[in-house]
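Biologist: Shall we go through this model together? I would like to ask what stands behind each label.

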Amino acid sequence: MDWIIELDICALLITSLILLVILRRKELPTMKNITFFILMVLTFLASLFDLVSVYAIEHVHTLPLGLNYFLQMMYAIPFTAIPMVYYIYVMSMTIQNRIISKGRIAFIATIYGIELFFILTTPFTHWHFYFNEAMEYSHGWAVYVTYGLSFFFIFLCKFWNKFIKCGCDKNKHTHNNDNTNHTDNHIFNVVNKVHWLKHKSH
């Protein structure tokens with residue numbers, strides 16, 4: 001099977017440059033800046049381990065099966081967190097320095113905890129992914145939960161922006177459209193990444 005690795009290589013280069021700029025600037029540790037930094041780190045790690053896991057899959061007959069499972073999990077762990085952290089980032093852009101409610105954080109943490117359970121138990125349950133008898137990488141049913149949750153958080157991001165914009169319009173305050181455009185660009189990247197991941201199954 002042909003693997004599409006060009007997107008990961010581009011993502012690695014871009015996120016590396018962004019992380020270098022962030023570290024050199026030494027910006028104030030606001031909620032928005034911290035969350036954006038975490039988002040870039042997660043994207044970097046997901047792209048890096050995706051490249052490594054593709055190599056492992058292509059050499060599945062010569063590498064230990066346990067190593068393949070480990071590398072696939074190391075890819076899935078940051079990848080599944082990206083939409084959730086991005087949702088926090090979108091909120092941090094609009095609420096300025098106010099603290100995000102504990103209820104929202106608990107909700108996101110619970111969802112991610114469920115995802116982690118699916119991923120970490122997959123060597124035994126095969127819920128998220130598995131290698132069949134022919135040693136081919138295949139998706140389990142839980143990966144479609146990941147797709148659904150990714151689009152769910154994308155929807156929440158769009159809804160949050162619409163909600164904030166409406167609130168600003170009602171109060172006759174000016175709204176910074178750059179934030180919305182920035183959000184739309186990130187949403188496109190998440191959708192594109194999810195769409196690409198679908199083609200990893202055999």
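Biologist: Where is Phe155 found?

Modeller: Phe155 is found in helix H6, which spans residues 142-170. Here a helix is a DSSP run of H or I with at least four residues and a strand is a run of E with at least two, both numbered from the N terminus. Before we go on, this is a predicted model, with residues numbered from 1 along each chain as its sequence is written. Local features need pLDDT of at least 70 and side-chain atom pairs count only at pLDDT 80 or more, while totals for chains, interfaces and linings use all residues, and side-chain values use heavy atoms, leaving out hydrogens and water.

Biologist: Why does Phe155 count as exposed?

Modeller: The cut-offs decide that: under 20% relative accessible area is buried, over 50% is exposed, and in between is partly exposed (1.4 Å probe, protein chains only). Phe155 has 52% relative accessibility, so it counts as exposed. Over the chain of 202 residues, 43% count as buried.

Biologist: And why is Tyr87 called buried?

Modeller: Tyr87, in helix H3, has a relative accessible area of 7%, so it is buried. Its C-alpha atom is 9.4 Å from that of Phe155, 68 residues apart along the chain, and 7.4 Å from that of Ile154, 67 residues apart.

Biologist: Which residues does Tyr87 touch?

Modeller: Apart from residues up to four places away in sequence, Tyr87 touches Arg104, Ile108, Phe153, Leu156, Cys157 and Trp160. Contact means heavy atoms within 4.5 Å. In the chain, 72% of the contacts with a separation of 6 or more are between residues 24 or more positions apart.

Biologist: What makes the 31 residues of the largest nonpolar core a core?

Modeller: The term covers a set of buried Ala, Val, Leu, Ile, Met, Phe, Trp, Tyr and Cys residues joined through side-chain atoms within 4.5 Å. Leu39, Tyr87, Met91, Ile108 and Phe153 have the most contacts inside this core. H1, H2, H3, H4 and H6 each give two or more residues to it, and H3 gives the most, with 14. A second, separate core has nine residues, including Met73, Ile119, Phe129 and Tyr137.

Biologist: What about Glu115: how do you know that it is buried?

Modeller: Glu115 is in helix H4, and its relative accessibility is 1%, so it counts as buried. A polar contact of 2.9 Å joins its side chain to that of Thr146. A polar contact is a pair of N or O atoms within 3.5 Å; within protein, one must be able to donate a hydrogen and the other to accept it, and residues adjacent in sequence count only if both atoms are side-chain atoms. Beyond its neighbours within four places in sequence, Glu115 is in contact with Thr80, Met84, His128, Thr146 and Leu149.

Biologist: Why is Ser92 called buried?

Modeller: Ser92 lies in helix H3, and it is buried because its relative accessible area is 2%. A polar atom of its side chain lies 2.6 Å from the backbone oxygen of Tyr89.

Biologist: Last one: which residues lie nearest the centre of the second largest pocket?

Modeller: Ile22, Arg25, Glu27, Asn33 and Phe36 do, out of ten lining residues. H1 gives the largest share of the lining, four residues.

Biologist: What makes that space a pocket?

Modeller: On a 1 Å grid over the protein atoms alone, a pocket is an open set of points where a 1.4 Å probe fits, with protein on both sides within 12 Å along at least five of seven lines; lining residues have an atom within 4 Å of a point. The second largest pocket holds about 210 Å³, where a volume is the space filled by probe spheres set on the points, with grid points joined across faces, edges and corners.
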